[in-house]
Amino acid sequence: MSKMFSRIAMTNYVVVLLLSLTSLEHGLLFQRVSSLGINYGQVGDNLPPPDKVIQLLGSLHINKTRIYDTNPKVLSSFANSNIELFVTVENQMLPSLVDPQQALQWVTSRIKPFFPATKIGGIAVGNELYTDDDSSLIGYLVPAMTSIHAALVQTGLDKYIQVSTPNSLSVLQESYPPSAGCFRPQVTGVMTQLLSFLHSTKSPFWINAYPYFAYKDSPTKIPLDYVLFNPNPGMVDPYTKYHYDNMLYAQVDAVIFAMARLGFKDIEVGVSETGWPSKGDGDEVGATVANAAVYNKNLLKRQLQSEGTPLRKNMGLDVYLFALFNEDLKPGPTSERNYGLYQPDETMAYNVGLLSSSQSSTSSTNSIVSLTSSASTDITRGKQRLIYFMCIYLLAIHMLIRRRY
């Protein structure tokens with residue numbers, strides 16, 4: 001009886017494991033894209049209405065997006081869409097939200113009426129306040145964040161909504177090599193307060209990281225393949241001996257080292273913005289359709305593999321691409337109006353491998369992201385080989401057990 005049970009148990013084990021591996025083959029790419037979001041900016045006079053945006057995001061199966069305000073029309077439209085929103089407190093509102101009562105009023109009028117029908121997962125308090133251009137609002141940041149978080153606690157929403165702020169890389173005094181990462185002395189005091197808040201609330205440190213800017217400023221010194229995630233020799237940090245084959249991961253690790261120098265070693269770092277412009281002015285070196293397509297496509301490949309940085313290999317990196325649309329009213333150089341994956345009429349500015357269900361009649365409606373690249377094919381073939389050899393191995397074990405009896 002025990003022998004028969006052992007045979008049956010082993011047979012069942014083989015069947016279950018084979019089914020699990022088969023599910024892995026068909027589902028791994030799709031499950032892991034949860035770390036990918038996209039920025040939905042609205043600085044344009046020709047953008048589609050929110051309901052059309054929801055349809056576009058839904059067809060792409062992207063389930064996280066960041067907006068730069070708390071527009072009630074957008075929040076209402078996203079109700080029951082299953083798309084998580086990362087909303088923003090505009091910079092100019094920070095002084096008033098230092099007042100706990102004002103913060104409570106803001107939460108009860110801007111957040112609570114829409115939650116939980118609209119999935120609001122995070123509040124960005126301001127955007128890139130630590131810049132060289134204007135430091136007048138820095139002193140309001142952490143007090144405003146503290147008041148908003150207290151309001152979330154008071155309304156019972158703190159369990160669902162994180163409070164943080166996106167930072168530009170100008171907060172760093174040094175970023176190369178990554179192990180030399182440190183914050184600028186001018187912001188160290190306030191940065192310590194911010195990190196203390198993030199640590200106590202278990203919230204991430206967000207950065208807006210654009211390798212494009214580094215390349216634009218030094219195209220003769222920085223290899224294009226290094227910033228585009230293309231195959232390249234990369235660089236080795238002389239102190240940690242970690243190898244970096246792309247600049248984005250080096251930038252993230254520089255921030256992690258900078259935080260550690262202030263005594264904070266366990267705060268998660270996420271990328272709230274990254275992207276590449278498809279068009280620029282004459283002096284905006286590298287702003288081309290080809291480079292934009294390569295950067296975003298290669299980044300998508302990395303996200304599908306749930307890669308971590310060399311310093312945190314086992315921790316996936318949350319990334320929000322910038323941006324969903326080209327926005328024609330954005331000020332500044334031409335590049336500012338040409339970061340979108342899509343034109344306002346919902347046609348692709350260029351193809352990065354995202355295929356919506358409406359764009360490909362042959363793709364499965366359950367597909368989340370379809371990468372039309374050799375890399376995705378290699379990943380699939382690798383998993384198929386793994387499944388094949390696991391099958392042979394398990395069946396061999398099964399036969400040996402049968403022979404014993």
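Helix axes are lines fitted to C-alpha atoms over the stretch in contact, and the angles between them run from 0 to 180 degrees between N-to-C directions. Helices themselves (H or I, at least four residues) and strands (E, at least two) are DSSP runs, numbered from the N terminus.

This is a predicted model, in which local features need pLDDT of at least 70 and side-chain atom pairs count only at pLDDT 80 or more, while totals for chains, interfaces and linings use all residues. Residues are numbered from 1 along each chain as its sequence is written, and side-chain values use heavy atoms, with hydrogens and water left out.

The protein has 12 helices and 13 strands. Of its 405 residues, 49% count as buried, where buried means under 20% relative accessible area, exposed over 50% and partly exposed in between (1.4 Å probe, protein chains only). A contact means heavy atoms within 4.5 Å. Among contacts between residues at least 6 apart in sequence, 71% join residues at least 24 apart.

Consider helix α6, residues 138-154. This helix has 17 residues and reaches 25 Å from its first C-alpha to its last, close to the expected 24 Å; the expected span is 1.5 Å times one less than the number of residues. Its buried residues are Ile138, Leu141, Val142, Ala144, Met145, Ser147, Ile148, Ala151 and Leu152. The cover over these buried residues includes the strands β3 (84-89), β4 (120-125) and β5 (162-164), together with the helices α4 (94-97), α5 (100-110) and α7 (188-201). After α6 comes Gly156, with a positive phi near 75 degrees.

Two packed helices are described by the angle between their axes and the distance between the axes. For α6 and α7 the angle is about 15 degrees and the axes are 9 Å apart. On the α6 side, Ile138, Val142, Met145, Thr146 and His149 meet Val190, Gln193, Leu194, Phe197, Leu198 and Thr201 of α7.

Helix α10 (residues 247-261) has 15 residues, which should span 21 Å at 1.5 Å a residue, and its end C-alpha atoms are 21 Å apart, in agreement. This helix is mostly covered, with 13 of its 15 residues buried. At the N-terminal end, Asn246 caps α10 through a side-chain oxygen 3.2 Å from the backbone nitrogen of Leu248. Just after α10, Gly263 takes a positive phi of about 95 degrees.

Tyr212 sits in helix α8 (residues 211-217). Tyr212 counts as buried because its relative accessibility is 0%. Not counting residues up to four places away in sequence, Tyr212 touches Gly275, Trp276, Pro277, Glu284, Val285, Gly286, Ala287, Ser335 and Tyr339.

The peptide bond from Phe115 to Pro116 is cis, with omega near 10 degrees, and Pro116 lies in the loop between α5 and β4. Another cis peptide bond joins Phe322 and Ala323, with omega about 10 degrees; Ala323 is in the loop between β13 (319-321) and α12 (374-404). Glu346 also lies in the loop between β13 and α12, and has a positive phi near 75 degrees although it is a residue other than glycine.

Note on methods:
Polar contact = N/O pair within 3.5 Å; in protein donor to acceptor, adjacent residues only side chain to side chain.
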